[in-house]
Amino acid sequence: MNSPLTHFDPQGQAHMVDVAAKGETHRVARATGTIRMQPATFALVASGQAKKGDVIGIARIAAIQGAKRTADLIPLCHPLMLTHVAVELAPQPASDGAALAAILVEATVRTNGKTGVEMEALTAVSAAALTIYDMCKAVDRAMRISDIRVAQKRGGKSGEWILEE
């Protein structure tokens with residue numbers, strides 16, 4: 001079996017990619033995502049008055065923790081020594097034409113290593129959005145997590161890639 005998917009060996013069996021021969025480079029990945037909610041839920045989050053506490057602050061910590069624990073969650077990821085994780089959560093009130101408010105999540109992860117940090121950035125965004133959902137589900141079970149994606153990556157043989165929208 002010849003597959004362009006690197007997590008399969010020639011017999012089609014899943015395996016961890018061997019990165020031993022790769023050179024270490026500075027690697028960066030940025031991922032984004034959105035969680036949409038009712039304006040009343042958004043007001044609780046934005047005001048810091050949610051019953052469970054500072055939703056934004058706790059989501060930021062969850063994102064950092066998620067990035068650091070990615071190899072524990074995604075079976076074929078290499079454990080990496082991350083050099084930096086930055087997380088931004090940008091509240092977006094419902095506009096005139098939108099029924100829902102949103103929190104935009106962006107995570108940037110850096111390392112010096114043999115493999116990229118896209119999965120760590122994606123996991124960070126996911127962990128932040130899931131934490132917001134967990135903390136607010138008592139008042140809004142219809143929240144929607146969406147559009148989680150890699151927005152940029154840099155480093156390694158393939159160089160820089162930026163999502164063009």
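**Entry 1: an exposed aspartate**

I began with D72, which is exposed at a relative accessible area of 56%. My cut-offs are these: buried means under 20% relative accessible area, exposed over 50%, and partly exposed in between, with a 1.4 Å probe and protein chains only. The model is a predicted one, so local features need pLDDT of at least 70 and side-chain atom pairs count only at pLDDT 80 or more, while totals for chains, interfaces and linings use all residues. Residues are numbered from 1 along each chain as its sequence is written, and side-chain values use heavy atoms, with hydrogens and water left out.

Which residue does D72 form a salt bridge with? I found R69, with the closest N and O atoms 2.7 Å apart. For a salt bridge I ask for a side-chain nitrogen of Lys or Arg within 4 Å of a carboxyl oxygen of Asp or Glu. R69 counts as partly exposed, at 43% relative accessibility.

**Entry 2: the other salt bridges I looked up**

How many salt bridges does the structure hold? I get 5. One of them joins the side chains of E106 and R30, at 3.5 Å from N to O. E106 sits in strand β3 (residues 101-113) and R30 in strand β1 (residues 25-37), so this pair ties together parts that are 76 residues apart in sequence. E106 is partly exposed, with a relative accessible area of 30%.

I then turned to D147 and R36, whose side chains meet in a salt bridge at 3.7 Å, N to O. This pair also links distant parts of the chain: D147 belongs to strand β4 (residues 144-154) and R36 to strand β1, 111 residues apart. D147 has a relative accessible area of 40% and is partly exposed. R36 is partly exposed too, at 27%.

**Entry 3: the chain as a whole**

I stepped back to the secondary structure and found 4 helices and 5 strands in the protein chain. Helices (H or I, at least four residues) and strands (E, at least two) are DSSP runs, numbered from the N terminus. Read from the N terminus, the order is β-α-α-α-β-β-α-β-β.

For the extent, I took a box along the principal axes: the C-alpha atoms fill roughly 55 × 30 × 30 Å. The protein chain has 165 residues, and 36% of them count as buried. Contact, in these notes, means heavy atoms within 4.5 Å. Among contacts between residues at least 6 apart in sequence, 70% join residues at least 24 apart.

The protein chain exposes about 9600 Å², and carbon and sulfur atoms supply 55% of that area. Accessible areas come from the Shrake-Rupley method with a 1.4 Å probe; for residues, only the protein chains shown count as cover.

**Entry 4: a nonpolar patch**

Which residues make the nonpolar surface patch of about 240 Å²? I listed L130, I145 and I148. Patch residues need over 30% relative accessible area and no salt bridge; like charges are joined within 9 Å, and nonpolar side chains (Val, Leu, Ile, Met, Phe, Trp, Tyr) within 5 Å. I145 lies in strand β4 and is partly exposed, with a relative accessible area of 33%.

**Entry 5: two residues in one loop**

I picked H78, found in the loop between α3 (70-73) and β2 (82-92). Is H78 buried or exposed? H78 is buried, with a relative accessible area of 16%. Not counting residues up to four places away in sequence, H78 touches M16, V17, V19, A71, T115 and E120.

I74 is in the loop between α3 and β2 as well, but I74 counts as partly exposed, at 29% relative accessibility. With neighbours within four places in sequence left aside, I74 is in contact with M119 and T123. I also checked I74 against D140: they are 66 residues apart in sequence and 29 Å apart in space, C-alpha to C-alpha.

**Entry 6: a helix alanine**

My last stop was A63, in helix α2 (residues 55-68). A63 is buried, with a relative accessible area of 0%. What does A63 touch, not counting residues up to four places away in sequence? I noted V87, A124, A127 and A128. The C-alpha atoms of A63 and G33 are separated by 12 Å, and the two residues are 30 apart along the chain.
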